[in-house]
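Please open the structure in a viewer and keep the sequence at hand.

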Amino acid sequence: MKPPARTSWQRLTGRGMYPVEYARWLLNPLRYLIMPPGRIVDRLRLLPTDRVLEVGCGPGFFSPVIARRLSAGHLTLFDAQAPMLEMASQRLAKQRIVNVSSVCGSATVCRSPMRCSTWC
Ligand SMILES: C[S@@+](CC[C@H](N)C(=O)[O-])C[C@H]1O[C@@H](n2cnc3c(N)ncnc32)[C@H](O)[C@@H]1O
């Protein structure tokens, strides 16, 4: 028998994928204060020509900062939930960041993200 469907709150507070319904929480201004994305991305020591795959990008908390560091490179957004990718892409487009593409798929079943572009 199939287990009953879990609510988004149950998914938020329990096991499983972060619910899209709470995606905005990941962009809470308080988070930018506590965990400035630039400070974390600094640790990656990216080069302007790097090509980065951001697995589980969600709504794009780190994405604009990463993409801006890649002035001659490229950022591929990768997430298992299409609405998350949509939010991240919109945020980047609003900031006129164009060196990005997105792929929807699950990192647990993909050997290469380029091969699972139709997964979700
Ligand atoms: C808690 S959110 C974090 C998002 C973002 N990295 C951040 O720090 O704000 C985790 C994200 O990873 C994605 N995710 C979880 N498992 C995944 C998998 N196996 N493959 C691809 N994306 C996955 C979820 O859809 C969700 O958007």
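How many bridges join β1 to strand β2, and in which direction do the two run? Select residues 74-79, which form β2, and then β1: five bridges join these strands, and they run parallel. Within this pair, select Glu-54, whose bridge partner in β2 is Leu-77.

The model is predicted: local features require pLDDT of at least 70 and side-chain atom pairs count only at pLDDT 80 or more, while totals for chains, interfaces and linings use all residues. Residues are numbered from 1 along each chain as its sequence is written.

Next, display the whole sheet. Three strands form an open sheet in the order β1-β2-β3, with parallel pairing. At its edges lie β1 (51-55) and β3 (100-104), each of which pairs on one side only. From one strand to the next, the twist averages 20 degrees. Two strands pair if DSSP finds at least two bridges between them.

Now colour the chain by secondary structure. Helices (H or I, at least four residues) and strands (E, at least two) are DSSP runs, numbered from the N terminus.

Finally, select the ligand and its surroundings. Of the 15 residues around the ligand, Tyr-18, Gly-56, Gly-58, Phe-61 and Ala-107 come nearest; a residue is near a molecule if its C-beta atom, placed from the backbone, lies within 6 Å of it.

Zoom out to end the tour: along its principal axes, the C-alpha trace of the chain spans about 50 × 35 × 25 Å.

Definitions and conventions: Axes are lines fitted to C-alpha atoms, for helices over the stretch in contact, and angles run from 0 to 180 degrees between N-to-C directions.
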